[in-house]
Amino acid sequence: MKSGKVGLLNIQRCDSHGAVLLAYAMETVLRKYGYEVETINYKYAGQLIEKNFIKKIYHKILLKWKKQFRLVYVGKKIGTKSVKKEYDIQHMNFKRFRSTYLHLTSEIISVTDPIINSYDTIIVGSDVVWKPEIVRCIDREIYFLLSPKKEIKKIAYAASIGTDDIDYLQKYSEYYKGAFDELDFISVRELSSISFIEKYTTKKVNHVIDPVFLLHPKEYIPLEHSELKEISERYIYVYALSDNSQMIRLADDFAKRNGLFIIVDMNGGFENIKIFTQPFESVISAGPAEFLYNIRHASYVFTDSFHATAFSLLFNIPFWVFKRGNISVRMTDLLEMFFLDNRFVTNIIDNGDINWDQVNKIIEKKREEGLTFLYSALVKKKTEDND
């Protein structure tokens, strides 16, 4: 065991497959290096401070009830399944995965909790830990590592702003000023965000690949679990985080032309399920272990998700990516890295073959670069040049 205790700070508390799996990947890599590591179980991510006391109490109670009891989904169905019941199962799947595979601290709710100062090194990232919703609220103190004591080494690995909309980001320019001052080593996930961040720091800003790529595909297989009924057919996995009727139509048409079953995991737009004319099964109850299974066993993936795209690349599953608001830069940056811009769908899908040999070589190269940055930052002293 290497000397030194490492704390990881990310957004694993939300029931997001990518957020939890990247936390697992970071923990696994650091333990391979021999470090004692914990994931800091910070409760919030983007909590705005409501000044009006009545509104504050109202929103606190309302949001708690909506999240805890999933009231917004009452009465909604996807096929024959209750959306609320499926999300209740999903939440339990996430809890089981975290308790089995992550080394979490006790829950903390303050950016100055003593737990934060109990580490020799804190690593923030990956995922959208630097998005405008975070930089403009109290969480800025923790996700930019401003609140931990100065003696702690502070590293950003594959942190993301989430958008390349400069006009939008400029609205929050005042909040980004000084935000990077306490970081010793900086790396980001999107190449497109480097020039923006460099306006606010003199430190070198490195580009590295998302943590999920730091593990080999075979290392995820033991985590897999399936709650699917026995499906003998080849299937399309439709993983939609936004209300995207175009994705559903094109997936249905592709399934029809190729004789494929469909399994679908949606995070909204449930009325779009009526578009399907082909046999399908809902898997919105999937936790991280089920998500891995669903992708690795798919014949094709249709998605608007960064991490569904990432795991399709890792498992060499043909995929297509669809636009999701002003955060699609996450996916376009990733596709450009692999010379797969044609997999981003505008109107029709490009059914050309993917050069998997090229993809795998790029993954190996980027994995090595990411691990080199991470290990170098861990062993260097705070006062050393971060080049």
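Predicted model: local features only at pLDDT ≥ 70, side-chain atom pairs only at ≥ 80, totals over all residues.
**Notes on the sheets, helices and aromatic contacts**

1. The criterion asks for NZ of Lys or CZ of Arg within 6 Å of the ring centre and within 35 degrees of the ring normal. Arg189 is placed likewise, with its charged end over the ring of Phe306, 4.0 Å from the centre.

2. Numbering starts from 1 along each chain as its sequence is written, and side-chain values use heavy atoms, with hydrogens and water left out.

3. Phe306 also belongs to helix α11, residues 306-315. Helices here are DSSP runs of H or I with at least four residues, strands are runs of E with at least two, and both are numbered from the N terminus. In α11, 10 of 10 residues are buried, where buried means under 20% relative accessible area, exposed over 50% and partly exposed in between (1.4 Å probe, protein chains only). Among them are His307, Thr309 and Ser312.

4. Both ends of α11 are worth a look. Ser305 caps the N-terminal end, with a side-chain oxygen 3.3 Å from the backbone nitrogen of His307. After the helix comes Asn316, whose phi is positive, near 60°.

5. An open sheet of six strands runs in the order β2-β1-β5-β6-β7-β8, with parallel pairing; two strands pair if DSSP finds at least two bridges between them. Its edge strands, β2 (36-39) and β8 (205-207), each pair on one side only. From one strand to the next the twist averages 25°. Strand β7 (residues 185-188) is joined to β8 by three bridges, and Ser187 stands opposite Asn206 of β8.

6. Helix α13 (residues 356-379) lies across β1, β5, β6, β7 and β8, at about 170° to β6. Contact here means heavy atoms within 4.5 Å. Axes are lines fitted to C-alpha atoms, for helices over the stretch in contact, and angles run from 0 to 180 degrees between N-to-C directions.

7. Strand β12 (residues 300-303) has parallel partners in β9 (residues 235-240), through four bridges, and in β13 (residues 319-321), through three. Tyr237 stands opposite Val301, and Thr303 opposite Val321. Tyr300 and Phe302 point one way from β12, Val301 and Thr303 the other, and all are buried.

8. The whole structure holds 30 aromatic pairs. Rings of Phe, Tyr and Trp (its six-membered ring) pair if their centres lie within 6.5 Å; planes under 30 degrees apart count as stacked, over 60 as edge-to-face and the rest as tilted. Tyr87 and Phe270 are edge-to-face because their planes stand at 65°, with centres 6.5 Å apart. This pair links distant parts of the chain, 183 residues apart: Tyr87 in helix α3 (residues 83-101), and Phe270 in the loop between β10 and β11. Tyr87 is buried at 5% relative accessible area, and Phe270 at 8%.

9. Within α3, Phe97 and Tyr101 sit four residues apart, about one turn of the helix. Their ring centres are 4.7 Å apart and their planes at 45°, so the pair is tilted. Phe97 is buried, at 3% relative accessible area, whereas Tyr101 is partly exposed, at 28%.

10. Lastly, one aromatic cluster is formed by Trp130, Phe144, Tyr176, Phe180, Phe196 and Tyr200.

Note on methods:
Polar contact = N/O pair within 3.5 Å; in protein donor to acceptor, adjacent residues only side chain to side chain.
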